[in-house]
Amino acid sequence: MVLLYRMTISGRGPVDALDAALIELLAAEPRVGVLEASKRLRVARGTVQARLERLQERGVITGYGPEIDPAALGYEVTAFITLEIRQAGGHDPVAERLAVIPEVLEVHTITGAGDMLCRVVARSNADLQRVLDAIVSAEGVVRSATLISLAAQVPYRVLPLVRASSAGSRPANLTAC
C-alpha cells in the first residue's frame with residue numbers, strides 16, 4: 001500500500017501538510033536519512049528528496065546544524081541591547097563590526113526608539129560589561145540600552161509556525177496504489 005499526499009502548495013502558506021510533516025520529522029530527529037524519512041512518512045524516497053531540495057531552494061530550510069545552548073558553553077547570561085547608531089554611515093558597516101564580536105548572536109535593524117537590536121551572551125554580569133564595551137566601541141555606535149534576560153519563557157521555535165502555515169493543507173484521502 002502506498003500513501004499519496006496532495007503535491008500542491010496551499011495558497012494559505014508556503015508549505016503543505018507533507019512539507020510540514022517532513023520539517024517536524026527533521027526537527028525531532030535531525031540525523032534521520034532520506035530513506036528512513038520516506039518510510040516514516042510513507043512516501044517515495046524521491047518525493048522526500050525533491051521536497052527537501054525545494055524547501056532549501058525556497059529558503060524554508062536554511063540549515064541542518066546542531067542547536068547549541070550557549071549556557072552549556074559557559075555563557076549563562078543573555079542580554080538584549082538596543083543600539084542607536086550614526087545615520088551617516090548606515091547599518092551595514094556597524095553590523096559588520098558587531099559580527100566580529102563572538103558573543104553577539106544576532107543583530108536586527110529595528111523601528112522605534114533604537115536603530116539596531118542585538119542578542120548577546122556573556123559568561124557573567126561582569127563579562128557582560130566587557131561585551132558591552134566592545135559593542136559601544138564599534139565605530140558608528142552612539143548609545144546603547146541593555147536588558148538582561150532572566151529566563152526564556154518561550155524559547156526560539158518555528159514548529160508552531162510551520163504547523164500554522166500548513167493548516168489549510170491536509171493530506172489527501174489516502175489512496176492505495
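Trainee: Does Arg 97 count as buried, partly exposed or exposed, and at what relative accessibility?

Mentor: In this predicted model, Arg 97 counts as partly exposed, at 31% relative accessibility. Its salt-bridge partner is Glu 139, with 3.9 Å from N to O, a value to be read against the cut-off of 4 Å. The two residues are 42 apart in the chain, Arg 97 lying in helix α4 and Glu 139 in the loop between α5 and β4. Glu 139 is exposed, with a relative accessible area of 54%.

Trainee: How many salt bridges does the structure hold, and which residues are linked in a network of them?

Mentor: There are 11 salt bridges in the structure, and a network of them links Asp 16, Asp 19, Arg 51 and Arg 54.

Trainee: Are Arg 51 and Asp 19 buried or exposed, and which residue forms a salt bridge with Asp 19 at 2.7 Å?

Mentor: Arg 51 and Asp 19 are both buried, and for Asp 19 the relative accessible area is 0%. The salt bridge at 2.7 Å, taken between the closest N and O atoms, joins Asp 19 to Arg 54. Arg 54 lies in helix α3 and Asp 19 in helix α1, so this pair ties together parts that are 35 residues apart in sequence. Arg 54 is partly exposed, with a relative accessible area of 22%, whereas Asp 19 is buried.

Terms used
Residues are numbered from 1 along each chain as its sequence is written. This is a predicted model: local features need pLDDT of at least 70, side-chain atom pairs count only at pLDDT 80 or more; totals for chains, interfaces and linings use all residues. Side-chain values use heavy atoms; hydrogens and water are left out. A salt bridge is a side-chain nitrogen of Lys or Arg within 4 Å of a carboxyl oxygen of Asp or Glu. Buried means under 20% relative accessible area, exposed over 50%, partly exposed in between (1.4 Å probe, protein chains only). Helices (H or I, at least four residues) and strands (E, at least two) are DSSP runs, numbered from the N terminus.
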